[in-house]
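This report describes one structure for a reader who has not seen it before. The sequence and the structure come first, and the description follows.

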Amino acid sequence: MAFHIDKVLVRKYMNSLLIGELAPDEPSIEPAKNASLSMEFRELRTVVEKMGLMKPNRLFFFGILFHILLLDLAAWLTIWYFGTSLIPYLTTAVLLCTVQAQAGWLQHDFGHLSVFSKSRWNHLVHKFVIGHLKGAPASWWNHLHFQHHAKPNCIRKDPDVNMHPLFFTLGKKLSVELGVQKKKYMPYNHQHKYFFLIGPPALIPIYFQWYIFYFAIQRKQWVDLAWMLTFYIRLYFTYVPFLGLQGLVGLFLLVRFLESNWFVWVTQMNHIPMTVYYDQNKDWLSTQLQATCNVHQSLFNDWFSGHLNFQIEHHLFPTMPRHNYMKVAPLVKSLCTKYGIEYQSKPLLTAFADIVHSLKESGELWLNAYLHK
C-alpha cells in the first residue's frame, strides 16, 4: 500500500505468495504490533486519499524541472560569457552543484511514483532525471532506497546504515553492544570528528561515483547505463571546448564534492540522531517514527531539502506528492499524540548539529563499554 500506486498489478504478484487464510479465531495482527494504532493509521490513509492528498500538482513538478534546467543553462552561460577565470569557474561549480542537488530531490519524486498516475511514466521520467541529469542508474536507486523505506535504521536491512560498524558506530544500544564485544574497526570515540572527513565530503565523489558504474554493469542494466552515458557525453561537449578535458575533470570533481556535502547533511539529519537497531517488527507507523524526524517548515528548508524536512510524512506516505506533506502533517501529529509516540521537529541547524552530537554520544558509549564492561 505504501510503495505502489497500481494495486491491481501488485495483487497479481501477491496471489502467488498466498499460503492460506487465517482461521476466524486467529488474530490478524502480530503481538508485537499495536492493533488499534494500525487500524487508525489505515483510517488516516483513507481520509488522506479522500482529501486528494495523494494526487499530484504536475505544474509544481514542471516548475521544479524548469528551474533545474534554467540553472544548468546559467552554469554553461557563465563559462561561455565570462570565461574560465576563478570567479566564473567557481560560480559555475556552485550552479552545477545546485542542479545536481535539486535533480536529486526531483528524481526521488519520480522514483517514488508520486508525479504521474501511471507507474510506467514515473519510471520513464525517473530514468531521464537520474540518468541524463545526474549520471546515475535508476535501478541502483530503486534497489537501495526501497530497502531503506521498508525498514529504516534497521541494521542488516537498511543499506543506509551499512557504515556500522566498519566506519561508524550508530545508535546507543548497538554502540554499547559493540564495546562489550571488544570490537574496534575505527577509533569511534573520535567519529564525530572524522565524520567531517569521510562523511559529507567523500560519499559521492569517492564511493558513489565508481559504484554506480559497477552496479549498472554487474547487474546488466544496459538501459540505465545508456542514460548515464548521455550525461557524461553532454558534459564533455558543453565544457571541454572552454576548459579542456583536465579542466572539466577538475570542475566535475569539485561539483561532486559540493553536492556530496549538501546530500549527506540533508539525508542524515532525519535519521542518524534517531533509533538505530535491529528490526523489532513493529507496526508501520511505529517503525517509521522511531527512525525519522522532521525539520521545521520554511520556503528555504522546503527547497533546500526537496521537502525531505517532512521526513515523517514522507516515510508514512512514500507515494504522496511532496507539496502535500505540509497538509497531512497536523493529522499525523495528532495521531502520534493520541498514542504517545514522539513526533520530533527541529530547526535546520539544530538538525545538522544533532548528527554530530549523536555520533559523539554513541562513540563515548562504545568507548565506555569497550574499556569497562
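Q102 is buried, with a relative accessible area of 1%; buried means under 20% relative accessible area, exposed means over 50%, and partly exposed lies in between, taken with a 1.4 Å probe on protein chains only. The model is predicted, so local features need pLDDT of at least 70 and side-chain atom pairs count only at pLDDT 80 or more, while totals for chains, interfaces and linings use all residues. Residues are numbered from 1 along each chain as its sequence is written, and side-chain values use heavy atoms, with hydrogens and water left out.

**Q102 and its surroundings**

Q102 sits in helix α4 (residues 86-111). Helices (H or I, at least four residues) and strands (E, at least two) are DSSP runs, numbered from the N terminus. The side chain of Q102 reaches the backbone oxygen of W303 at 3.0 Å. This is a polar contact, that is, a pair of N or O atoms within 3.5 Å; within protein, one must be able to donate a hydrogen and the other to accept it, and residues adjacent in sequence count only if both atoms are side-chain atoms. With neighbours within four places in sequence set aside, Q102 is in contact (heavy atoms within 4.5 Å) with H67, I68, W262, W303 and F304.

**Aromatic pairs and charges over rings**

W303 also belongs to an aromatic pair, with F300. Rings of Phe, Tyr and Trp (its six-membered ring) pair if their centres lie within 6.5 Å; planes under 30 degrees apart count as stacked, over 60 as edge-to-face and the rest as tilted. By this rule the count comes to 41 aromatic pairs. In one of them, the rings of Y81 and F82 have centres 4.9 Å apart and planes at 85°, so this pair is edge-to-face. Y81 and F82 are both exposed. The pair of F300 and W303 is tilted, at 6.2 Å centre to centre and 45° between the planes.

F300 and W303 are three residues apart in helix α12 (residues 299-305), and therefore about one helical turn separates them. An α-helix has 3.6 residues a turn, so residues three or four places apart point the same way. F300 is partly exposed at a relative accessible area of 47%, and W303 is partly exposed at 32%.

One aromatic cluster is formed by W140, Y207, F208, W210, Y211, Y214, F215 and F263.

A charge sits over a ring if NZ of Lys or CZ of Arg is within 6 Å of the ring centre and within 35 degrees of the ring normal. K173 lies over the face of Y277, and K182 lies over the face of Y370.

| Lysine | Ring | Distance to ring centre |
|---|---|---|
| K173 | Y277 | 5.1 Å |
| K182 | Y370 | 5.8 Å |

**Helix α8**

Which residues of helix α8 (residues 191-198) are buried? They are Q191, H192, Y194 and F195. Seen down the axis of α8, these buried residues fall within an arc of 160°, so they line one face of the helix; the arc is that of the directions from the helix axis to the C-beta atoms. Among the elements that cover the buried residues of α8 are α10 (222-268) and α15 (348-372).

**H314**

H314 is part of helix α13 (residues 311-316) and is buried, with a relative accessible area of 1%. A polar contact of 3.1 Å joins its side chain to that of H108. Not counting residues up to four places away in sequence, H314 touches H108, H112, H145, H149, L308 and Y325.

**Cysteines**

A disulfide is a covalent bond between the sulfur atoms of two cysteines. Here it is taken as a pair of cysteine sulfur atoms within 2.5 Å, and by this rule the count comes to zero disulfides. The sulfur of C154 is 16 Å from the closest cysteine sulfur, in C293, which is too far for a bond. C293 is in no disulfide either, as the nearest cysteine sulfur to it, that of C336, is 13 Å away. C154 is buried at a relative accessible area of 2%, and C293 is buried at 0%.

**Two loop residues**

Q344 is in the loop between α14 (325-338) and β2 (345-346) and is partly exposed, with a relative accessible area of 22%. Leaving aside neighbours within four places in sequence, Q344 is in contact with M274, C293, N294 and I312. Its side chain makes a polar contact of 3.5 Å with the side chain of E342. Q344 and V295 are 49 residues apart in sequence and 8.2 Å apart in space, C-alpha to C-alpha.

R156 is in the loop between α6 (138-150) and α7 (172-180) and counts as exposed at 71% relative accessibility. R156 and I130 are 26 residues apart in sequence and 26 Å apart in space, C-alpha to C-alpha.
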